[in-house]
Amino acid sequence: MAEENRSFPNILITGTPGVGKSSLSRILCEKTGLIYIDVSQLAIEKGCLEDYDEIYDCPILDEDKLLDEMEDLIAEGGVVADYHGCDFFPEDWFDAVFVLRTNNTVLYSRLERRGYTGRKLEDNIQCEIFETILHLAKITFSNECVYELKSDNIHQIPDNVAKICQWIDKWKLDNQEE
């Protein structure tokens, strides 16, 4: 699917819930003019939800339907997709995958403030401890396009945005039409 003549890359910002994906993605898009896709919100708006998971107190995603809804947007390029999962996306959709990581104590506090409790809270903390999202990104996408960024506090956002902007600039140079 990756279009060879796109002017802008597609980027996935992923990580455990609470690591700061949405904040980083929004600021990145404001700075670069790339299109922000909150994948969870898109799934709700387009009716890409199946059942409801009572244990985790959240809807279950219809991945195939969501991918169908996103396909044209991705083909155009210039997208920053923000989602806590990554392993169902086609490998060729994203030019870079940035996995945000957060200190477990910080993440625990963030998730508690969001109202996470019980198994949902514990499973998300374990997901971060065991680097589950990072591992899934590395087995789903080429290791060369997966990058890990620390996201323990808001003061790291400008540095992370700058790192991604540097990556975008390099991508543009490497993909210029000759």
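Predicted model: local features only at pLDDT ≥ 70, side-chain atom pairs only at ≥ 80, totals over all residues.
The protein chain contains seven helices and seven strands. Read from the N terminus, its elements follow the order β-α-β-α-β-β-α-β-β-α-α-α-β-α. Among contacts between residues at least 6 apart in sequence, 74% link residues at least 24 apart.

The radius of gyration of the protein chain is 16 Å, which agrees with the value near 16 Å that a compact globule of 178 residues would have. The C-alpha trace spans about 55 × 35 × 30 Å along its principal axes. Values for the whole protein chain are set out below.

| Property of the protein chain | Value |
|---|---|
| Residues that count as buried | 43% of 178 residues |
| Accessible surface | about 9700 Å² |
| Share of accessible surface belonging to carbon and sulfur atoms | 46% |
| Distance between mean positions of positive and negative charges | 8 Å |

The charges comprise 17 positive and 36 negative ones.

D95 lies in the loop that runs between β5 (79–82) and β6 (96–101). Its side chain makes a polar contact of 2.9 Å with the side chain of R6. When neighbours within four places in sequence are set aside, the residues in contact with D95 are R6, P9, N10, C145, W167 and W171.

Note on methods
Residues numbered from 1 in each chain as written. Heavy atoms only, no water. Helix = DSSP H or I, 4+ residues; strand = E, 2+ residues; numbered from the N terminus. Rg over C-alpha atoms; globule rule 2.2 N^0.38 Å. Buried < 20%, exposed > 50% of the residue type's maximum accessible area, 1.4 Å probe, protein only. Contact = heavy atoms within 4.5 Å. Areas by Shrake-Rupley, 256 points an atom, 1.4 Å probe, with all protein chains shown as cover. Lys, Arg positive; Asp, Glu negative; His and termini not counted. Charge placed at Lys NZ, Arg CZ, Asp CG, Glu CD. Polar contact = N/O pair within 3.5 Å; in protein donor to acceptor, adjacent residues only side chain to side chain.
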